[in-house]
Amino acid sequence: MDQDRKMFSGNWTCVKCNGAITELPFEPRDTSNLMCRECHRNSRGDRPQRNDRRERRTFTGNWSCSDCGTDINELPFEPRDTSNLKCKDCFKKDKGF
Ligand SMILES: [Zn+2]
Ligand SMILES: [Zn+2]
């Protein structure tokens with residue numbers, strides 16, 4: 001929820017696609033250079049970073065596998081229930097690989 005975000009309404013035109021712009025998240029100083037949301041997004045050329053960035057977090061700890069008792073020092077997720085952890089091998093087995 002961003003209720004704090006003020007929207008400015010007006011009657012502008014997108015310089016790229018000539019589409020009408022009726023709302024902007026900012027008050028435009030230079031109205032000759034306005035872009036609608038889509039053109040703005042395209043001009044910046046950034047894609048959603050969620051999928052692009054494959055930053056894998058690993059959580060380190062001192063757990064043990066509930067199945068074979070082997071030590072687990074790293075997990076790709078933060079375990080909520082540590083009584084039910086499985087090492088990679090047992091996890092695979094469990095999934096039927
Ligand atoms: Zn546009
Ligand atoms: Zn195991």
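This model is predicted, and the chain has an average pLDDT of 84, with 84% of the residues scoring at least 70. Confidence is highest in strand 1, where the mean is 94, and lowest in helix 2, where the mean is 54. Where pLDDT is low, the predicted coordinates should not be read in detail.

| Element | Residues | Mean pLDDT |
|---|---|---|
| Strand 1 | 8–13 | 94 |
| Helix 2 | 49–52 | 54 |

Now for a hairpin. Strand 3 (residues 59–64) pairs with strand 4 (residues 71–75) in the antiparallel sense, and four bridges join the two. One of the facing positions is Phe59, which stands opposite Leu75 in strand 4. Six residues lie between the strands of this hairpin, and Gly69 takes a positive phi there, near 80°.

A UniProt record, an unreviewed entry, lists residues 64–95 as "domain: CxxC-x17-CxxC". In the model, this span is 25% helix and 19% strand, and its end C-alpha atoms lie 19 Å apart.

Is Cys14 buried or partly exposed? Cys14 is partly exposed, because 16 other C-beta atoms lie within 10 Å, and a buried residue would need 20 or more. Leaving aside residues up to four places away in sequence, Cys14 touches Gly19, Ile21, Leu34, Met35, Cys36 and Cys39. Arg37 is 23 residues from Cys14 along the chain, yet their C-alpha atoms are separated by 9.0 Å.

Conventions
Residues are numbered from 1 along each chain as its sequence is written. Chains are lettered from A and ligands numbered from 1 in the order in which they are written. This is a predicted model: local features need pLDDT of at least 70, side-chain atom pairs count only at pLDDT 80 or more; totals for chains, interfaces and linings use all residues. UniProt positions are given in the numbering used here, feature names are shortened, and annotations may be inferred rather than shown by experiment. pLDDT is the predictor's confidence in each residue, from 0 to 100. Two strands pair if DSSP finds at least two bridges between them. A residue is buried if 20 or more other C-beta atoms lie within 10 Å of its own, exposed if 12 or fewer, and partly exposed in between; C-beta atoms are placed from the backbone. Two residues are in contact if their C-beta atoms, placed from the backbone, lie within 7 Å.
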